[in-house]
Every structure is written in structure tokens, then in C-alpha cells.
Amino acid sequence: MLKTKTLKKEARRGLLQISDTFEELLPTKIYIRVNSIDTEYFEEDIDAVIQSINNGMPITGIILPKVEHYKNVETVHKIFVSNKDGSLKNSFCVKPIFSK
């Protein structure tokens, strides 16, 4: 479990490092896969994505795994469109991977 936590922290730190130095527009859309909404890692993942966007990285959306209810998608979308500094709009995309 400790190794998993460490790897997930390193992945978030890596995303933030990339976003700090991101300078070019890419001809492709960028999606970040986050952990499932019902895990202990979800909030930190979302914070890292929002910070990366605020750093100027043109993230189009996230991939949300292990979705069991559409309400999860709505909840996550609201997090992004209600971002306190207004930097994210309704065009932000949440791509769910449904599972049961």
C-alpha cells in the first residue's frame, strides 16, 4: 500500500512539473486519468489537475475510471466548472469508464 501511495504522489508531482514548464500548444487534446471518485487519492488528483490547468497546461478533460452511476460524472464535472477562480468552463470534459 505504501508503494502505491508513493507512486501516486510521484505521478501527481510529475504532472505539476510538466505543467510548470509547459510552453507549447499541441495538435492533440490532453486528458488526465485520475483515480476513482471513491478512493482516498481522488481529491489530490483533482487538485493536481486544477493546479496544472492554472499553470497554463491546456488540459481538455479527465478520464474517470470505475464509474458506477452517472451522478459521479455530474459531481466531478461540477467540481471543474465551479472552480473558484473561474478558469474552467463548461467545455471541460469528463470521460467516464463505466463499470459495475
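Contact, throughout this tour, means heavy atoms within 4.5 Å. The model is predicted: local features need pLDDT of at least 70, side-chain atom pairs count only at pLDDT 80 or more, and totals for chains, interfaces and linings use all residues. Residues are numbered from 1 along each chain as its sequence is written, and side-chain values use heavy atoms, with hydrogens and water left out.

**The whole chain**

Three helices and three strands are present, and from the N terminus they follow the order α-β-α-β-α-β. The radius of gyration is 13 Å, close to the 13 Å that the globule rule gives for 100 residues, so the chain is as compact as a globular protein of that length. That radius is taken over C-alpha atoms, and the rule is 2.2 Å times the number of residues to the power 0.38. Helices (H or I, at least four residues) and strands (E, at least two) are DSSP runs, numbered from the N terminus.

Along the principal axes, the C-alpha atoms fill a box of roughly 40 × 35 × 25 Å. Of the contacts between residues at least 6 apart in sequence, 75% join residues at least 24 apart.

Of the 100 residues, 33% count as buried. Buried means under 20% relative accessible area, exposed over 50%, and partly exposed in between (1.4 Å probe, protein chains only).

**The nonpolar core**

Select Val49, Ile59, Ile62 and Phe80, which touch the most other members of the largest nonpolar core, a set of 21 residues. Such a core consists of buried Ala, Val, Leu, Ile, Met, Phe, Trp, Tyr and Cys residues joined through side-chain atoms within 4.5 Å. At least two residues of this core come from each of α1 (2-21), β1 (30-33), α2 (42-54), β2 (59-67) and α3 (70-81). The most is given by α2, with six residues.

Now centre the view on valine 49. Leaving aside neighbours within four places in sequence, valine 49 is in contact with Leu15, Ile32, Val34, Ile59, Ile62, Phe80 and Phe92.

**Serine 52**

Stay in helix α2 and select serine 52. This serine is buried, with a relative accessible area of 0%. Residues up to four places away in sequence not counted, serine 52 touches Leu15, Leu16, Ser19, Met57 and Ile59. Threonine 39 is 13 residues from serine 52 in sequence and 21 Å away in space, C-alpha to C-alpha.

Move to strand β1 and select arginine 33. Arginine 33 touches Ile63 and Pro65, residues up to four places away in sequence not being counted. The C-alpha atoms of arginine 33 and isoleucine 63 are 4.4 Å apart, although 30 residues separate the two in sequence.

Most residues other than glycine have a negative phi. Lysine 66, although not a glycine, has a positive phi of about 55°. Lysine 66 is exposed, with a relative accessible area of 56%.

**Lysine 29**

Finish in the loop between α1 and β1, where lysine 29 is found. Lysine 29 counts as exposed, at 59% relative accessibility.
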